[in-house]
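The following paragraphs lead the reader through a single protein model. Please keep the sequence and the three-dimensional view at hand while reading.

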Amino acid sequence: QVQLVESGGGLVQAGGSLRLSCAASGSIIDINAMDWYRQAPGKQRELVAGITSGGSTDYADSVKGRFTISRDNAKNTVYLQMNSLKAEDTAVYYCHAQVRVIGSFFAKDYWGQGTQVTVSS
């Protein structure tokens, strides 16, 4: 019913920047929160940044001041601008969204397939 497609990952040197995008498509009525999570090898998935439909944002302490989350509600797309990247930012980044679809009263959780971000030191 809903697909989340991420793009923008890749290999970058420490101190560099990347911009991730996640576009939602399908039988969408509206989208509540949209978030970015990441999972490094051997570690649990962690919340990196989130944004509500009204534009309120929240960040993990480890990325505050370096990452910026934004969204374009008209395009059902969320972005993650990542600056001053560090080796410890290396992970698979996943997009998550709470989406209400046609025929449903409640929103459901959907996940993207993940995009690899590798930061070389």
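In this predicted model, the charged end of Arg45 sits over the ring of Trp111, at 4.8 Å from the ring centre. The charged end of Arg45 also sits over the ring of Tyr94, and here the distance to the centre is 3.7 Å.

Strand E10 comprises residues 108-111. Its pairing with E9 is antiparallel and extends over four bridges. Within this pairing, Gln98 has Asp109 in E10 as its bridge partner. The hairpin of E9 and E10 has six residues between the strands, and in this hairpin Gly103 adopts a positive phi near 95 degrees.

Two aromatic pairs are counted in the model. One of them joins Phe105 and Phe106. The ring centres of Phe105 and Phe106 lie 5.0 Å apart with the planes at 85 degrees, and the pair is edge-to-face because planes over 60 degrees apart are classed in this way.

The surroundings of Tyr93 can be listed in detail. When residues up to four places away in sequence are not counted, Tyr93 touches Trp36, Leu80 and Met82, as well as Glu6, Leu20, Tyr37, Arg38, Val48, Phe67, Gly114, Thr115 and Val117.

The reader may now turn to one of the sheets. Four strands form an open sheet in the order E1-E3-E8-E7, with antiparallel pairing. Strand E1 (2-7) and strand E7 (67-72) each have a single partner strand and stand at the edges, so one side of each is left without a neighbour in the sheet. On average, neighbouring strands of this sheet are turned by 15 degrees against each other, direction ignored. In general, strands of a sheet pair through backbone hydrogen bonds, in either a parallel or an antiparallel manner.

The contact between E1 and strand E3 (residues 18-26) illustrates the antiparallel case, with six bridges joining the two strands. Ser7 has Ser21 in E3 as its bridge partner.

The loops on either side of strand E8 (77-82) also deserve attention. Most residues other than glycine have a negative phi. Which residue in the loop between E7 and E8 is of interest here? It is Asn76, whose phi is positive, near 50 degrees, although the residue is not glycine. Asn76 counts as partly exposed because its relative accessibility is 24%, between the limits of 20% and 50%.

Ser84 lies in the loop between E8 and strand E9 (91-101). Its phi is likewise positive, near 50 degrees, in a residue other than glycine. With a relative accessibility of 40%, Ser84 also counts as partly exposed.

Note on methods. Residues numbered from 1 in each chain as written. Predicted model: local features only at pLDDT ≥ 70, side-chain atom pairs only at ≥ 80, totals over all residues. Heavy atoms only, no water. Pairing = 2+ DSSP bridges. Axes fitted to C-alpha atoms, helices over the stretch in contact; angles between N-to-C directions. Phe/Tyr/Trp six-rings, centres within 6.5 Å; stacked < 30°, edge-to-face > 60°. Lys NZ or Arg CZ within 6 Å of the ring centre and 35° of its normal. Buried < 20%, exposed > 50% of the residue type's maximum accessible area, 1.4 Å probe, protein only. Contact = heavy atoms within 4.5 Å.
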